[in-house]
Amino acid sequence: MNDHTNQEAQHHGEKPVKRREMSRRQFLSYTLGGAGAFMGAGMLVPMIRFAVDPILQPKAQAAWVKVVEETKITDTPTSFKFKVHQVDGWYESDPELEAWISKGKDGKIFALNPTCKHLGCTVNWNANPEYKDQYFCPCHGAHYTADGKNLAVAPAPLDQYDLKIENGFVYLGQLGPNKRV
């Protein structure tokens, strides 16, 4: 504001407006701080995207995997091993999985995951003479019926694989909760 405006403001009872000037030091610190923040964000954004991007990708359903011929399935649960292609973020692998496949009392074929629901040990069919015709977990004594129903120790039944039969072969898909019990 010039002197003439200040004098008019004083005549009207207003206080004169003081103009604050930015020092060179303030200007440099604002400029350098802004430039540093811009460069830091330029480095952080790709790192954050790299870490978060796999989480944002839609989850794909498990592909159907050919496991065994339908004629080899009996009323007695039998262990079958199979490989699946797995992608975890940028890491790809082909782990070997196991399923206990049998025919139920209703004649339908079903497949159970052998991972105990208590603490994750592997259960086996008829592994303990005390528990005849049951799945038994050697770690803590959990046992299950042929349909995977939990009888002792374990809080839930064994998980069940989705299953389809095509051209005389049994295919396994997504693992989910047991629908038989």
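Select Asn 126 to begin: this residue is found in the loop between strand 7 (124-125) and strand 8, where strands are DSSP runs of E with at least two residues, helices are runs of H or I with at least four residues, and both are numbered from the N terminus. Asn 126 has a positive phi of about 55° although it is not a glycine. Most residues other than glycine have a negative phi. At 32% relative accessibility, Asn 126 counts as partly exposed (buried is under 20% relative accessible area, exposed over 50%, partly exposed in between, with a 1.4 Å probe and protein chains only).

A word on what you are viewing: this is a predicted model, in which local features need pLDDT of at least 70 and side-chain atom pairs count only at pLDDT 80 or more, while totals for chains, interfaces and linings use all residues. Residues are numbered from 1 along each chain as its sequence is written, and side-chain values use heavy atoms, with hydrogens and water left out.

Now pick Asp 133, in the loop between strand 7 and strand 8. Its phi is also positive, near 55°, and at 44% relative accessibility Asp 133 counts as partly exposed.

Next, show the rings. The whole structure holds four aromatic pairs (rings of Phe, Tyr and Trp, the last by its six-membered ring, with centres within 6.5 Å; planes under 30 degrees apart are stacked, over 60 edge-to-face, the rest tilted). One of them joins Trp 100 and Tyr 135, edge-to-face at 5.7 Å centre to centre and 75° between the planes. Trp 100 lies in strand 5 (residues 96-103) and Tyr 135 in strand 8 (residues 135-136), so the pair ties together parts that are 35 residues apart in sequence. Both Trp 100 and Tyr 135 are buried.

Then select Tyr 131 and Phe 136, a stacked pair at 5.5 Å centre to centre with 15° between the planes. Tyr 131 is partly exposed at 22% relative accessibility, whereas Phe 136 is buried, with a relative accessible area of 12%.

Which residue has a charged end over the ring of Phe 110? Select Arg 180, which sits 3.9 Å from the ring centre (NZ of Lys or CZ of Arg must be within 6 Å of the centre and within 35 degrees of the ring normal). Likewise, Lys 66 lies over the face of Phe 169, at 4.1 Å from the ring centre.
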